[in-house]
Every structure is written in C-alpha cells, then in structure tokens.
Amino acid sequence: MKKLLTLIVLGGLLLVLLSSIAELPPMGEEKGPSYNEIAHYYVEESAEDTGAKNIIAAIITDYRAFDTLGETTVLFTGITAVISLLGVSHQKKEGEDQHHG
Amino acid sequence: MDDLFVKVTTKMILPFIQMYGLYVILHGHLSPGGGFSGGAIYAASMVLYTLAFGLKKGQQRMPHEVSSKVETGGILLYVLFGFAGIFQGYSFLTNKAAGFPMGEFGAVLSAGFIPIVTFAIGLKVMSTIVTLFHTMLEEES
C-alpha cells in the first residue's frame, strides 16, 4: 500500500516535470527568455557601475549581493546540519556530573 | 599520519598555498576567482596541515573558538557594510551610490565594497571548511 502511494506520487511528479520540459524554449534560440538585454547591460555598464574589472565579481557581489548573502548563510546551515547529525559537542564541559546528551 | 617526508613537504608548501589563497581573495574583483574559491584554497592548506600533523595539532592551530568567531565575523562584516547603503538613503548593499571610494579602475584597492565583501566571503568559506573537516575527524576518533 505504502509502495503504491509512493509510486503514484513519484509518477505524478515525473509527469509534471516531463510536461514542463516539453514547454521549455530550445537552447540558444534568439528569442529565448534567457537572452535578454540584461546580459548586454552587464557587459557594457558594469565597469562604470561598480569599478570592478571582473564582471562575474561585479554581478555576484554588487548587482546580486543579497543573493550572495543568502549563499554564504548556506555554509552556516551546512555546519549546523553536520554538527547536529554527528552530535559532536564543542561546549566546554562544566563538571563531570552534568551530563548533556 | 606519521611520515617525515609528508611533514617536511607540508611545512614547505604551506605558506605558498596560503599566500595564493589570499591572492585569489584579494584580487577577486580583478581576476578570475573570488571569495568562494580563495577561501577554499586557504582552507585546503589548513586541511593539509591537519592531515599531515594530526587532529590535535590542527586544532591547536585553528581552535574551534577561533573558527566560529571568524565565521560569524565574516558574515557580520558583510551585513555591516551592507547597512551603509541604508544609512545613505539607498537600498541594502548599495555600492557606488552609498559613497564607497571607487579608486582607480584595475587597481587592487578599487571597486568600492566589492573587495570587502569578497574578503568576508573568503573568511566564511575558509572557517566553514576547516570546521566541517575537524568536526568529521573528531567524530571518527
């Protein structure tokens, strides 16, 4: 019963994803939504806007600095997940009789 | 690992790796690289040190108290310099309009707060990788 439910849910997800792939515009097409004026803007104006020679650095730490802030907090989340899974305590022990799980 | 050759070689190449990591971080706005890759290179030197000399010496070199402070300090630096834009009346994390000195195009000290942000990211990535590595080794032992 449980396996059947899993199969139905996963099959439905597969159908949804496959149907959305069929709707994607072809790669490298001129009128695709990813090929818009923003790329031209970055190439032409980023040196004037940010003063950085490296356009990628200009994009990730100036135009999309808030996105990078979230990216760096992902690292903190990773540490939290690993330490909580492994159960290593970095706290200094205060006396032997206090036992923290 | 208790091998003389590994220890001597590690001692020899450690400063070069760390110098290269700092170079990649500080030139993040000029050349390929940046905070993430430079921090990973710097952390690789600490990982190499821990592998060659053992967990105890590695933790003496980079104790958990220090790495946790460095990690929090990196993100705090990022957010504090982001607040400068708000105080000037612009949005969070504004660079040029918030009055950061832009400097000469192509120089190391240029591009407003981009080098500061890259340095903060580098600190955070470095301490994160070292903390994860030490924590996993601790669990194993």
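Modeller: Happy to! In α2(A), A:Tyr42, A:Val43, A:Ser46 and A:Thr50 meet A:Ile55, A:Ala58, A:Ile59 and A:Asp62 of α3(A), where a contact means C-beta atoms, placed from the backbone, within 7 Å. By class, the residues of this contact are five nonpolar, two polar and one charged; Ala, Val, Leu, Ile, Met, Phe, Trp, Tyr, Cys and Pro are nonpolar, Asp, Glu, Lys and Arg charged, and the others, Gly among them, polar.

Please keep in mind that this is a predicted model, in which local features need pLDDT of at least 70 and side-chain atom pairs pLDDT 80 or more, while totals for chains, interfaces and linings use all residues. Residues count from 1 along each chain as its sequence is written, and chains are lettered from A, with ligands numbered from 1, in the order written.

Back to the pair: the axes of α2(A) and α3(A) come within 10 Å and cross at roughly 70° (lines fitted to C-alpha atoms over the stretch in contact, with angles from 0 to 180 degrees between N-to-C directions). The two helices are therefore roughly perpendicular (65 to 115 degrees; under 35 is roughly parallel, over 145 roughly antiparallel, the rest oblique).

They belong to a chain A of four helices and zero strands, running α-α-α-α from the N terminus; helices are DSSP runs of H or I with at least four residues, strands runs of E with at least two, numbered from the N terminus.

In all, 25 residues of chain A are in contact with 34 residues of chain B. On chain A, α2 (37-50), α3 (55-63) and α4 (65-86) each give two or more residues to that side, and α4(A) gives the most, with 13 residues. That side of chain A has 13 nonpolar, nine polar and three charged residues.

Among the buried residues of α2(B) are B:Phe36, B:Ile41, B:Met46 and B:Tyr49. Just after α2(B), B:Gly54 takes a positive phi of about 95°.

Notes: Two residues are in contact if their C-beta atoms, placed from the backbone, lie within 7 Å. A residue is buried if 20 or more other C-beta atoms lie within 10 Å of its own, exposed if 12 or fewer, and partly exposed in between; C-beta atoms are placed from the backbone.
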